[in-house]
Amino acid sequence: MPEQTLSVRFFARLREELSTDHLIMPAPAGQTAADLLAALASRGGPWAQLNASQAVMIAINQAMAKPQSPVEPGDEVAFFPPVTGG
Amino acid sequence: MPQKSSACSQAVPSVSIQNADFDAALEYAQLRDSGAGTGAIATFTGLVRDSGDRQGVIGLFLEHYPGMTEQVISDLIARAGQRWDVRKARVIHRIGHLPLQSQIVFVGVCSAHRGDAFAACEFIMDALKASAPFWKKELTNAGEHWVEQKASDVVRSEDW
């Protein structure tokens, strides 16, 4: 059985500082958005800013979400800085 | 209860995210074409100005989250329609490179009365700034930097 995964997207300053706009991550059972952030932060370097950062907004399947929101296999999870449109 | 939706059959979509500039006069004309029950139209247009987080801004670069942006703004228009009499609403937001004095965003609302039109227009604009996934980068002769979200913008949105 293939490993269950989800996709992660980054925007704006995060996209630039991580030099990544999109990656695939494992999607273990019971994972939350905060768990996913911690896994990414453990990569170190610029990724460390994802750990416990108050300035990261979270969307799951293109709807705003919270750190405690569950993430499921197949989800599109996005992390981005506070928005500044208008 | 008047049937609000009857005036809302529109050939144009209510939300557009685009690189291209827009014609505010054309948008106004389309808002005006919303039936004899329309008694008020409120519009807002945002422009690129020469100072933001820093002085000497010569342009902006705007990025967004395709798909989510349109959904968030459509939801804001729907929420406005639940609180006020909104006969028709239109939001255009530009993305990409925008030189000084460019139009960035247009919000237009038509209603039976001015109070509803003003309120719905301001609500949509304030909530868009706080919740729609757009990010601005300011371009200056000295370099470029991402704009920081303003606490005052978040408060304005929460006040609704």
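A disulfide is a pair of cysteine sulfur atoms within 2.5 Å. Keep that cut-off in mind for the first part of this talk. What we are looking at is a predicted model.

How many disulfides does the structure hold over all chains? The count is zero. Two cysteines in chain B show how that comes about. The sulfur of C121(B) has its closest cysteine sulfur in C110(B), and the two are 11 Å apart, which is too far for a bond. Are these cysteines buried or exposed? C110(B) is buried, at 0% relative accessibility. C121(B) also counts as buried, with a value of 6%.

Now to charged side chains. In general, side chains of opposite charge can pair when their charged atoms come close. A search of the whole structure, over all chains, gives ten salt bridges. I will go through some of them.

Start with R15(A) and E63(B). Their side chains form a salt bridge, with N to O at 2.5 Å. Where do the two partners sit? R15(A) is in helix α1 of chain A, residues 12-18, while E63(B) is in strand β3 of chain B, residues 57-64, so this pair joins two chains. R15(A) is partly exposed, its relative accessible area being 23%. E63(B), on the other hand, is buried, at 9%.

Next, stay within chain B and look at R156(B). One of its partners is E122(B), and the closest N and O atoms of that salt bridge are 2.6 Å apart.

Is D126(B) buried or exposed? D126(B) counts as buried, because its relative accessibility is 10% and the limit for buried is under 20%.

One last item on salt bridges. Which residues are joined into one network by salt bridges that share partners? They are E16(A), K137(B) and E144(B).

To sum up: this predicted model has zero disulfides and ten salt bridges, and the one between R15(A) and E63(B) joins two chains.

Definitions and conventions: Residues numbered from 1 in each chain as written. Chains lettered and ligands numbered in written order. Predicted model: local features only at pLDDT ≥ 70, side-chain atom pairs only at ≥ 80, totals over all residues. Heavy atoms only, no water. Salt bridge = Lys/Arg side-chain N within 4 Å of Asp/Glu carboxyl O. Helix = DSSP H or I, 4+ residues; strand = E, 2+ residues; numbered from the N terminus. Buried < 20%, exposed > 50% of the residue type's maximum accessible area, 1.4 Å probe, protein only.
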